[in-house]
Amino acid sequence: MKTKREDIRNIAIIAHVDHGKTTLVDELLKQSGTFRENQEVAERVMDSNDIERERGITILSKNTAITYKDTKINIIDTPGHADFGGEVERVLKMVNGVILVVDAFEGVMPQTKFVLQKALDLDLSVIVCINKIDRPEARPNEVIDEILELFIDLDANEDQLDCPFIFASAKSGYAMADLNDERKDMQPLFECIVNNIPAPEGDPDADTQMLISTIDYNEFVGRIGVGKIDNGSLKVNQEVMIVNHHDPSVKKRVRVTKLYTFNGLNKVEVNEASFGDIVAVSGIADIHIGDTLCSVDNPVAIPFQKISEPTLSMD
Ligand code: GDP
């Protein structure tokens, strides 16, 4: 039976380039106490794609996880520019909602439109974060109207049109549900995420299924598959079947040698993880984006392409 993981939220941050995604995530990390101030912020892992790109491996999204009160919030960064081979859609399949970051002066830009369209098409919940409201030339009220117009242009549904707006200065470390509120900290944004983004759902007792959404690489462990566990759970040393996404008849029996969850900017080794969480697995040399990691007994692939209409069950 499908169950909600009330202790987890999976979100993506989407924005036009330079509207402040990285600054916002850094600030959420700092204020959640997930790491100490000045300690790891300098690493800015979310911006460290260059080396991997040189090696010819496309890693355009990076994961971060923060804990707010009793909730783990997995945050996925999305590319702010060109969409390489459906990268944005693929990472959005891991989440239930997005934070759309828009510069309070620049307003809606081409990439704002592009990424929002993808999120709306996937029926994701949206939180609009109008950022940089500290800028002297900020014009948040006009930007609200621009965004609402964009939602209408993009055929947003009623729920999506009714989405919460947050006003923030990521750089100064505050967010507000209303422009007249006190400018204090990021708590209003944390609360907004927990209260407005649906918890992930899955069947804890079903056979394991995890769609590989991104590939990471580490010189010690090799290829690392990242994705959300859709159903069941995963354990270290578990034997699983990798089902190829081009041809589901191509299956390979493999063993998960290491399993990680995310904490702050780090991957942390764990022995077990279950449905709803976003995890990384290593030990599988031949793992590719779009493959499904399944139980050996019942290896059923997760369709990689977006399904916009309910499909008829074949059984
Ligand atoms: P990204 O490309 O969306 O990740 O944007 P960054 O987080 O790298 O920010 C782009 C630029 O905007 C940087 O120079 C930031 O310092 C600046 N910035 C980010 N947030 C704010 C803000 O709230 N206020 C102001 N004034 N500048 C900001």
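1. E239 is partly exposed, at 33% relative accessibility, while R253 is exposed, with a relative accessible area of 53%. Please keep in mind as you read that this is a predicted model.

2. Salt bridges that share partners also tie D103, K132, R135 and E137 into one network. Within this group, the side chains of R135 and E137 meet at 3.2 Å, N to O. R135 has a relative accessible area of 24%, so it counts as partly exposed; E137 is partly exposed too, at 36%.

3. Another salt bridge joins the side chains of R139 and E142, again with an N to O distance of 3.2 Å. Across the whole structure, a search finds 18 salt bridges.

4. Next, have a look at the surface, where D145, E149, D153 and D155 gather in a patch of negative charge. One of them, D153, belongs to helix 5 (residues 140-153). D153 counts as exposed because its relative accessibility is 58%, above the 50% cut-off.

5. Finally, is K72 buried or exposed? K72 is buried, because its relative accessible area is 16% and buried means under 20%. This lysine lies in strand 4 (residues 71-77), and a polar atom of the K72 side chain is 3.4 Å from the backbone oxygen of F262.

Notes: Residues numbered from 1 in each chain as written. Predicted model: local features only at pLDDT ≥ 70, side-chain atom pairs only at ≥ 80, totals over all residues. Heavy atoms only, no water. Patch = residues over 30% accessible without salt bridge, like charges linked within 9 Å, V, L, I, M, F, W, Y side chains within 5 Å. Areas by Shrake-Rupley, 256 points an atom, 1.4 Å probe, with all protein chains shown as cover. Salt bridge = Lys/Arg side-chain N within 4 Å of Asp/Glu carboxyl O. Lys, Arg positive; Asp, Glu negative; His and termini not counted. Charge placed at Lys NZ, Arg CZ, Asp CG, Glu CD. Helix = DSSP H or I, 4+ residues; strand = E, 2+ residues; numbered from the N terminus. Buried < 20%, exposed > 50% of the residue type's maximum accessible area, 1.4 Å probe, protein only. Polar contact = N/O pair within 3.5 Å; in protein donor to acceptor, adjacent residues only side chain to side chain.
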